[in-house]
Amino acid sequence: MKKKNTFLLVAIVSILFSCGPKIVEEPILFNDERNALTKDYMKMHYDLDVDSPTILPKMVVVHWTAIPSFQKSFDAFYDVHLPSFRTAISGGGSLNVSSHFLVDQDGTIYKLMPETTMARHVIGLNHCAIGIENVGGPDMPLTKAQLKANIKLIKYLKKKYPIDYVIGHYEYQLFEDHELWLEQDEGYRTEKSDPDEAFMADIRKNIAHLDLKTLPEN
């Protein structure tokens, strides 16, 4: 009987560890209109004519929100349409920006939308990239709790999908000549600094054993 109980305990522990990090479901609005706008975006920017806005994730892109709270960050992604003040990217379409995950300063991971649905978070690569947003920015540094959460989340996503690359948002233009790059508008670019080079260096140090690529290979 003792052996049976020991086996059961080991099995339970194994299941718990295999489930990945704790993720809180906090979905943004993804109605029929957003679905249609996402498909339009994929057609306009990637020349992908699809029945549904699904993706096969091959990349994780890490961001910061540059917004000082979880609620305000969440609100920025929630609505279907891009706010009028986002003039730098308004030429790319009326679909609002979004992300698959949002990590608060205390390390809580919130899931905003399905991992295999396209989110607008990185020019040229949305069709293959999962986005992780972190609450913070230049005036609100990302925390150790967020670092740990990002590492756990990336490990979890690597187990689920054929992820080849983990990059910071500031690195996206390095992929312009890569096979994953599908952007049709040569004038549609923005300069990014998130989520900070030091934060990405710490992530990469802790996921080195996953053998993920950090730069494009042509």
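Reply: This is a predicted model, in which local features need pLDDT of at least 70 and side-chain atom pairs count only at pLDDT 80 or more, while totals for chains, interfaces and linings use all residues. Residues are numbered from 1 along each chain as its sequence is written, and side-chain values use heavy atoms, with hydrogens and water left out.

Me: At the start of α5, which backbone nitrogen does a side-chain oxygen of D196 reach?

Reply: Helices (H or I, at least four residues) and strands (E, at least two) are DSSP runs, numbered from the N terminus. A polar contact is a pair of N or O atoms within 3.5 Å; within protein, one must be able to donate a hydrogen and the other to accept it, and residues adjacent in sequence count only if both atoms are side-chain atoms. At the start of α5, the side-chain oxygen of D196 comes to within 3.0 Å of a backbone nitrogen, that of A198.

Me: Which residues of helix α5 are buried?

Reply: Buried means under 20% relative accessible area, exposed over 50%, and partly exposed in between (1.4 Å probe, protein chains only). In helix α5, which spans residues 197-206, the buried residues are F199, M200, I203 and R204. Seen down the axis of α5, they fall within an arc of 135°, taken from the directions from the helix axis to the C-beta atoms, so they line one face of the helix. On the other side of α5, the exposed residues are E197 and K205.

Me: Against which elements do the buried residues of α5 pack?

Reply: Contact means heavy atoms within 4.5 Å. The buried residues of α5 pack against β2 (59-62), β5 (129-134), α4 (144-160) and β6 (165-168).

Me: What is omega of the cis peptide bond that joins D194 and P195?

Reply: P195 lies in the loop between β6 and α5. The bond joining D194 and P195 is a cis peptide bond, with omega of about 5°.

Me: Is D211 buried or exposed?

Reply: D211 belongs to the segment after α5, and its phi is near 55°, a positive value in a residue other than glycine. With a relative accessible area of 68%, D211 is exposed.

Me: With which residues is L215 in contact, leaving aside its neighbours within four places in sequence?

Reply: L215 is placed in the segment after α5, and its relative accessibility of 49% makes it partly exposed. Once neighbours within four places in sequence are left aside, the contacts of L215 are Y165, L174 and F175.

Me: Which residues that line the largest pocket are closest to its centre?

Reply: On a 1 Å grid over the protein atoms alone, a pocket is an open set of points where a 1.4 Å probe fits, with protein on both sides within 12 Å along at least five of seven lines, and lining residues have an atom within 4 Å of a point. The largest pocket holds about 520 Å³ of space, and helix α3 (residues 70-78) gives the largest share of its lining, three residues. Of the 30 lining residues, the closest to the centre are F77, R86, V97, E133 and K192.

Me: Which residues does S98 touch, not counting residues up to four places away in sequence?

Reply: S98 is found in the loop between α3 and β3 (101-103), and with a relative accessible area of 3% it is buried. Not counting residues up to four places away in sequence, S98 touches I28, R34, F77, M113, A119, R120 and H121.

How values were computed
Grid points are joined across faces, edges and corners, and a volume is the space filled by probe spheres set on the points.
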